[in-house]
Amino acid sequence: MTVPGRADARHNHARVLEAAREAFAEEGPSATLDTVARRAGVGAGTVYRRFPSKEALLAAVVNDRLDRLVDELAAPASGDPGAAFFAAFERAVSQVALNKALCESMSSATGISPGVRDRFLAALAPLLAGAQRSGAVRPDVTAADVTSLIAGCAAMEHAAATPGRSTAIVLDGLRTAVTKPNEIRCAECGTPIAPTATGRPARYCGNACRQRAHRRRHTPA
């Protein structure tokens, strides 16, 4: 037997969540439930019936986005373990920096459920371990350290005048072999780039890294 209104209720719930994702991504935790209701095209009462407070709605949105980021990080990586780790780090920073609410929640460690945080650490751990075994990353770094660094880099990148610079500096601190003075490394995979005789220094080692970085910067969180 079909319960009257159930399909409409599911539809409204989905609209509220989508509107909340957009509002919190753009405005951060300061977005109000009334703003979410207007974006969703529903009455404020509809939002309040599903989420008793703005904090509850924010937590649902942040944890959903972080959960999807975990799935991306957990995807099997091939090739050099060090390059895979650094690419995953920069991908996570870019995605978090694009979402103001997620950026602030990770920086303050609020609103993130213990289960999702544990999954995030579990997804990072094998990437980090592989990079450390290959000698690409310092052996004293932990997955918890990396999580904190991702949050910090995302906060800096969110307001950075030169995208990628803060993250590149942090990644140099994670490397076993620190970048030599004046050495240029690919902002995507960390591979050293030969200096050019003229013109502006290259940021990427090739078209593949340049295109990956472009897609990530323009993919909404």
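I count a residue as buried when its relative accessible area is under 20%. By that cut-off, 39% of the 221 residues of the chain are buried. I note that the model is predicted.

**Overall layout.** I found ten helices and two strands in the chain. Along the sequence I read α-α-α-α-α-α-α-α-α-β-β-α. I also checked contacts with a separation of 6 or more: 61% of them join residues 24 or more positions apart.

**Helix α7 itself.** I picked α7, residues 114-133. I then looked for a bend and found one of about 25° at Ala 125, with Pro 126 following within four residues. After α7 comes Gly 135, with a positive phi near 85°.

**Burial.** I listed the buried residues of α7, among them Val 116, Phe 120, Leu 124 and Leu 128. I asked what covers the buried residues of α7. The cover includes α4 (54-74), α5 (81-98), α6 (100-108) and α8.

**Packing on α8.** I took the axes of α7 and α8 (residues 143-158) next: they come within 9 Å and cross at roughly 110°. Angles of 65 to 115 degrees count as roughly perpendicular, so α7 and α8 are roughly perpendicular to each other. From α7, the contact residues include Arg 117, Phe 120, Leu 121 and Ala 125. Facing them in α8 are residues including Ala 143, Val 146, Thr 147 and Ile 150. By class, I noted nine nonpolar, one polar and one charged residues in the contact of α7 with α8.

Methods:
Residues numbered from 1 in each chain as written. Predicted model: local features only at pLDDT ≥ 70, side-chain atom pairs only at ≥ 80, totals over all residues. Heavy atoms only, no water. Axes fitted to C-alpha atoms, helices over the stretch in contact; angles between N-to-C directions. Parallel < 35°, antiparallel > 145°, perpendicular 65-115°, else oblique. Contact = heavy atoms within 4.5 Å. Nonpolar A, V, L, I, M, F, W, Y, C, P; charged D, E, K, R; others polar. Bend = angle between axes of the 7 residues up to and from the residue. Buried < 20%, exposed > 50% of the residue type's maximum accessible area, 1.4 Å probe, protein only.
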